[in-house]
Amino acid sequence: MSNKQAYFVTGTDTGVGKTMISSLLVRQFAQRGLRSVGMKPVASGCEKRDGQLISEDVTQLLAASNVDLPLAYINPYAFEPAIAPHIAAKQAGVQIDLDHIQSAFQRLQAYAEVVIVEGAGGFYVPLDDEHDIADLALKLDLPVILVVGMRLGCINHALLTAVAIQQRGLTLAGWVANQVDPDMAMLEENLQTLRQRMPAAYLGFVAWIGPSHTTDIIDIVSELLK
């Protein structure tokens with residue numbers, strides 16, 4: 001296992017469990033004795049705490065990390081409204097700078113052996129008038145882990161996103177199925193179809209267990225390192 005590893009976590013949509021899976025990855029790498037940290041380059045829906053804007057996503061990543069690093073590196077851009085990042089940035093009069101995010105990422109890598117970078121929303125969520133999450137993943141040049149929200153329509157969303165990731169020249173390291181609809185019809189059949197058609201490793205399935213998932217269900221790291 002290399003001393004320095006990093007992955008970019010994206011999703012088929014917003015609210016599909018990217019933070020849960022990202023936190024799980026950070027925690028599992030930490031359990032292997034590696035200095036591991038989560039990064040959320042752009043976060044919306046933040047609350048002010050002790051004079052700083054912080055999101056629940058970032059709070060979860062911090063709780064999973066075993067390296068204490070500045071919030072400015074972990075979450076370079078934080079916005080209060082729970083809206084699309086490019087709109088929140090415009091309202092705040094802020095330009096999201098990919099070079100600045102890359103610099104923060106490199107600082108995290110200087111202190112941690114593993115950095116898990118969580119995107120915002122889906123793969124093509126805009127960051128400004130010209131750039132989107134896909135551009136950020138390309139800028140950081142990281143293998144991508146796709147979180148598939150298991151609900152009606154997930155097959156189309158997953159396959160389109162997988163194609164988009166590969167068309168940008170990025171490596172799709174694997175995908176995780178996360179059941180976001182407790183009443184999803186034909187869950188097993190949909191999962192089987194995805195396992196047959198997705199052009200990447202299947203890393204595991206997270207079953208619906210209520211509004212708050214446990215963060216210790218599947219061993220993603222072992223599957224990644226096979």
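This is a predicted model: local features need pLDDT of at least 70, side-chain atom pairs count only at pLDDT 80 or more; totals for chains, interfaces and linings use all residues.
1. Of the 8 residues of β9, 7 are buried, so the strand is largely enclosed by the rest of the structure.

2. The pairing of β8 with β9 can be followed residue by residue. These two strands run in the parallel sense and are joined over 7 bridges. Valine 147 stands opposite valine 176 in β9, and methionine 150 has glutamine 179 of β9 as its bridge partner.

3. Next, the aromatic pairs: the structure holds 3 of them. In one, tyrosine 7 and phenylalanine 29 are stacked, with 6.3 Å centre to centre and 20° between the planes. Tyrosine 7 belongs to strand β1 and phenylalanine 29 to helix α1, so this pair ties together parts that are 22 residues apart in sequence. Are these two residues buried or exposed? Tyrosine 7 counts as buried at 9% relative accessibility, and phenylalanine 29 counts as buried at 0%.

4. Tryptophan 175 and tyrosine 202 form a tilted pair, 4.9 Å centre to centre, with 50° between the planes.

5. Now to the charged side chains. How many salt bridges does the structure hold? There are 6. One of them joins arginine 151 and aspartate 13, at 3.2 Å from N to O. Arginine 151 sits in the loop between β8 (144–150) and α7 (154–167), and aspartate 13 in the loop between β1 (5–11) and α1 (18–31), so the pair ties together parts that are 138 residues apart in sequence. Arginine 151 is partly exposed, with a relative accessible area of 26%, and aspartate 13 is partly exposed too, at 31%.

6. A second salt bridge to look at is that of aspartate 129 with lysine 90, whose closest N and O atoms are 3.0 Å apart. Aspartate 129 is in the loop between β7 (114–122) and α6 (133–140), while lysine 90 is in helix α4 (residues 85–92), so the pair ties together parts that are 39 residues apart in sequence. Aspartate 129 counts as exposed at 65% relative accessibility, and lysine 90 counts as exposed at 55%.

7. Arginine 168 forms a salt bridge with aspartate 135, with the closest N and O atoms 2.5 Å apart. This pair links distant parts of the chain: arginine 168 is in the loop between α7 and β9 (172–179), and aspartate 135 is in helix α6, 33 residues apart. Arginine 168 is partly exposed, at 23% relative accessible area, whereas aspartate 135 is buried, at 18%.

8. Last, a look at two helices. Two packed helices are described by the angle between their axes and the distance between the axes. How do α7 and helix α8 (residues 187–197) pack, and at what angle? Their axes are 10 Å apart, and the angle is about 20°. The two helices, α7 and α8, are therefore roughly parallel to each other. In passing α8, helix α7 makes a right-handed crossing.

Technical notes
Residues are numbered from 1 along each chain as its sequence is written. Side-chain values use heavy atoms; hydrogens and water are left out. A salt bridge is a side-chain nitrogen of Lys or Arg within 4 Å of a carboxyl oxygen of Asp or Glu. Helices (H or I, at least four residues) and strands (E, at least two) are DSSP runs, numbered from the N terminus. Buried means under 20% relative accessible area, exposed over 50%, partly exposed in between (1.4 Å probe, protein chains only). Rings of Phe, Tyr and Trp (its six-membered ring) pair if their centres lie within 6.5 Å; planes under 30 degrees apart count as stacked, over 60 as edge-to-face and the rest as tilted. Two strands pair if DSSP finds at least two bridges between them. Axes are lines fitted to C-alpha atoms, for helices over the stretch in contact, and angles run from 0 to 180 degrees between N-to-C directions. Angles under 35 degrees count as roughly parallel, over 145 as roughly antiparallel, 65 to 115 as roughly perpendicular and the rest as oblique. A crossing is left-handed if the near helix is turned anticlockwise from the far one by less than a right angle, and right-handed if clockwise.
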